[in-house]
Amino acid sequence: MSDKGTQKMLTKHKIVFLGDQGVGKTSLITRFMYNTFDTHYAATIGIDFLSKTMYLDDKTIRLQLWDTAGQERFRSLIPSYIRDSKVAMIVYDVSNKESFDDIPRWCDYVRTERGNDVIIVLVGNKSDLPDRVISTEEGEKLSKSLEFNLFMETSSKNGYGVKNLFKKVAKLLPTVNSGNDDNEIDNAIDQDNNAQTINISTDTKEPEGDSCAC
Amino acid sequence: MDFAYEVDTFDNNSKSNSSISQSDSVSLKLSSLSTADFTKRLQSLSLLGGSYLKSNNDNKENNNNSSNKSLSSNAKSFKRAKNSIDLLNSLDVNYSFINSSPINNNDSYIDLNDTTIIQSKNLNGTILVDKLNNILESQDGYDASIKNSLSVLESRIENETISQKSVINNNNNNNTMEKTFTLQNLTSVGTKGDLSRRNLRGLIEDDLINQYTSQLKSFKKIVNLLENLNPKIQLVNNEYNDLINQINYSVDNSKNIKNDISQLEKKKKQIEIKKNILMAFKSTFTISQYEEHLIRYADLNDATNSMEFFTVIDKIKNIQNNSDVLLGMENEKLGLKIMNQMNNLQLIINERIISYVQKNIDYVYSSNSYDNNLTKNINFPIFQKFLIYLWKNNKENFNLIMQKMTETRSRSISNEFINKLKGYSDEINAHDQLSTNKNFKNNSLYLSSYDTVRFISDTLAYVHSLLVNEMENAKSFFNFDFSLDEDNNDQSFDQNGKIEFNNMIGEIVINIVSGLNNSLKSSVEHILRQESKLSTLVNSFELIELYSLMYHKLLYSNDNKSTEVNDGLSNTMEYLKIETQDRIFFIIKLKLKKIEAEILDENNNNINNILDDTDIIPDWIVEWCTIIDELLGPLSSQKYDDNNNDKHAIGLNDEKWNLLLELLVNKPIEIMDKVKSKSSNDKKQRLIWNLNCTDYLLDKVDINPLLSTKSQFLKSIIDKNTNELINLEFTGLLQSSGLFDIYNLVNMIFKLDDEFFDVSFYQPILENKLFNITTFQIANSKLEEFFANYINQNELNGLMSPKIFNKVFFDSSMKFIDFYNKLSLIVKEYLRDSNDNEIKVFQWDDITIATLLGIEEYYQQQLDQ
């Protein structure tokens, strides 16, 4: 509503965050939203919702972030939210092998609901931890094998890669990527059939000059 | 006259610049003159210079400064000329040659006036006169430069004099002596002198007259011209006078007109004032045709038009405010008329704004949704401005519009929701047909699998998404930029406005989503009514409760301080929770009724059959325990909301929870009791069956913390039945051993159960006929028979619970042994043969009995204690 004159409506995109309990889905969102990190762990109850407007190049998009609970008892809620999401962000903890091993299961959830009509992003969180058990290469390999659209490692604690992740995800979105038609998602995904892997190493710093104005 | 001559000579011969020797007489005289005298004499030249200049100035009117100066110089020159003459007279100079000079020589004057000559020699008379004046007027006349100048002048004069006088002398040589003589007489006394002086005076006077005449002659032409002009001037004067007269006459005659004019001017001023007043009035109290046109027909979506529209609105407001002045006037008709007019315009404005806002509000609001279709070209800032205007000035209509918008939006999402539900139903029907088709694509919101939990989850997730979407829409819609309102300078108003709009967001979203209430209620209720599985119902309840929590979090988050009253969605969710609870109760009651009906059917002979096999738990109890597991198994002890601790599982309050427990635990016990009472089996069997069933139920209750409160109840029932069974078993032991009557007899004397026992209490037993040897011998023989098969054929073996079995077995046996011991003591004390000797009627001691009953270890432990 802030535009002067005839309004240009914001394009909204649903992103659902999936992953085992405690992998840092909420922290990732909090880092992106408020650029903060809370060391105190509080399990998500049900599904949380947050939204943020992103200014990317000459386009403005609104990301609706659906933060799901990792606990098993809330698992039944998740399919309903996957169903109308354009992006599924599957998060694992690089220091927790179980969470990494569960990725195919999460992928199945998404594929069952959306088939190939979805952008799947694999996120290896907690990259700041010294006792990592999943290497970047392993993450990349799994991402490629499961035909994910993007793989990135992040650290919600120090903010590493978080902005970049959302920026990359935003660029993958069909309206940002190609045109104005939501139906073009197929094309967008086709273009990205070869999973776009962002080769990063944990000891590098967050790239500067991020044009994301969020 | 000699000066004129001298000057003329000087002028005429200045060009010659010859070195001719000067006249002796003159040269001598000049040389003999003192500087002052000579200066004075030369000063007389100014007369000529002045005349010359004067004539020059007459011709050159532009040279005003020099003419003024020359006039004053002339006066001085005349005076000095006179002085010079007097001086000459006093010097007794011979001026005879002067007399002989051609006084009336016009040529000399012409020459004198020949300015070209003077100018050509740079001998400007005025300059010379000025210089000479300066010299003469200065106090010291001995300046070297002045002397030099004078010497130059002197030499010139001398030269001129010589050259002139050489000619003159030739002509007048004869008269020189005579004139010299005459001049000499001037100084003489007497008549001769007087005559001479008179003659000289006459000569001078003539000379002066001639000189003046000659001078004036040059003016004659001018005079003639002036005279010629005179008649014309006279004519002009006459004309002038005539004109003056005419003017005066006209002026006299125009007095009336003047008055008229002044009156008209006054009127004009009045009219101008009136005009100004009217103009001011017009601008203050009326609006122009263009402004009225704007109000009636302007395209409000156009930015320029809308800006002008608001300007007109402000103007109308001002007019309305200013109309108070008019209403306060004596004649208030005008004020009333203007007020009416403005009110009418205000109504038109309001109608137009309301119409504009109403027309576009649905589009603007819904344009934020996912499925927006931007076909209209709405100027959103302008729309917002109109909305703010309505909110400020016409809150009633603003509320009405918002209400209508909310209703429309609510209807829209409700229809959409119904379509989704319809799609779900259609899909269920189509699923069977299309399940084999691999190309079948799920276009519906919901999955095709018919699953209550999934349906409820999907439905509530849809509502959740809708709620989020509406919240975003509302936030975006009410994100007003108050700076758009130019006449709004009150910052506190902005703040209040923002707070009010923020509060409005929640209310509007709640109202919009409340459109789903009926559909949501009916659809979920419908599904719940079809569901008979308690676990599904419990899961459904948990889902509803979880979504209620999530909705509440969304609607009443920190950003949204809307009041938690009359929240349709929360009410619906609460209703669905209660519906689910009721459904759970209904299912439980139904199952109980079904069991009761099946078990207690009079035509059903199964009861006895069931009780025949006391060690088999009836199916219905097993099933019931499964139901309990099914119901309470999915419930986690962890509550979602810490503030909701007053609620039990499935959101039940104390009353309902107790009712549920009654149904789950008490009701089966009642059924058991009913079965037990209806059975024709012996009491012991029934008790054992009852104990077995109750114990089974207790096992299930004990492992579920939610049923912990019922555990005690079951235990008390078990205890009661156990005690009853112990007594029954003890009685059985007594009867089987033939000591039952003796036991009763002993108890009649003094109750054995009392802790205090003394054989002496039982002395009255001697009076009873039963107390004889035969009785005890029979008892002893019966004991032998009974104990031989007691352990193997004991019905207590049907007790499934070892704990209960042991208790019944040990307690009844211990009780019997205790009685046996006491009876042995009584018999030993009082039973005598005819010789009064002690008779040993019981062949076994208590240890042996305990061994025969199978509790020797237990009994030994009791004795040790």
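Visitor: How many bridges join strand 2 of chain A to strand 3 of chain A, and do these strands run parallel or antiparallel?

Guide: Strand 2 (residues 47-56) and strand 3 (residues 59-68) of chain A run antiparallel and are joined by 10 bridges. Helices (H or I, at least four residues) and strands (E, at least two) are DSSP runs, numbered from the N terminus, and two strands pair if DSSP finds at least two bridges between them. As one example, Met54(A) has Ile61(A) as its bridge partner in strand 3 of chain A. The hairpin has two residues between the strands, and Asp57(A) takes a positive phi near 50° there.

Before we go on: this is a predicted model, where local features need pLDDT of at least 70, side-chain atom pairs count only at pLDDT 80 or more, and totals for chains, interfaces and linings use all residues. Residues are numbered from 1 along each chain as its sequence is written, chains are lettered from A and ligands numbered from 1 in the order in which they are written, and side-chain values use heavy atoms, with hydrogens and water left out.

Visitor: How many residues of strand 2 of chain A are buried?

Guide: Eight of its 10 residues are buried, so to speak "mostly covered". Buried means under 20% relative accessible area, exposed over 50%, and partly exposed in between (1.4 Å probe, protein chains only).

Visitor: Which residues of strand 5 of chain A lie on each side?

Guide: In a regular strand, side chains alternate between the two faces of the sheet. On one side of strand 5 of chain A are Ile119(A), Val121(A), Val123(A) and Asn125(A), on the other Ile120(A), Leu122(A) and Gly124(A), and all are buried. Because seven of the seven residues of this strand (residues 119-125) are buried, the rest of the structure largely encloses it.

Visitor: Which strands pair with strand 5 of chain A?

Guide: Strand 4 (residues 87-93) of chain A pairs with it in the parallel sense over seven bridges, and Val91(A) stands opposite Val123(A). Strand 6 (residues 150-153) of chain A also runs parallel to strand 5 of chain A, joined by four bridges, with Gly124(A) opposite Glu153(A). From strand 5 the chain crosses through helix 5 (residues 136-145) of chain A to strand 6, a right-handed β-α-β crossover (with the strands pointing away from the viewer, the path from the first strand over the helix to the second runs clockwise).

Visitor: How many aromatic pairs does the structure hold over all chains?

Guide: There are 25. Rings of Phe, Tyr and Trp (its six-membered ring) pair if their centres lie within 6.5 Å; planes under 30 degrees apart count as stacked, over 60 as edge-to-face and the rest as tilted. Trp106(A) and Tyr109(A) form a tilted pair, because their centres are 5.4 Å apart and their planes at 35°. Trp106(A) is buried at 1% relative accessibility, while Tyr109(A) is partly exposed at 22%.

Tyr743(B) and Phe819(B) make an edge-to-face pair, 4.8 Å centre to centre with 80° between the planes. Tyr743(B) lies in helix 28 (residues 740-749) of chain B and Phe819(B) in helix 30 (residues 802-830) of chain B, so the pair ties together parts 76 residues apart in sequence.

Visitor: At what angle do helix 13 of chain B and helix 15 of chain B pack?

Guide: Packed helices are described by the angle and the distance between their axes. Helix 13 (residues 289-297) and helix 15 (residues 333-366) of chain B pack at about 40°, with axes 8 Å apart (lines fitted to C-alpha atoms over the stretch in contact, angles running from 0 to 180 degrees between N-to-C directions). Residues in contact (heavy atoms within 4.5 Å) include Leu294(B) of helix 13 and Ile348(B) of helix 15 of chain B.
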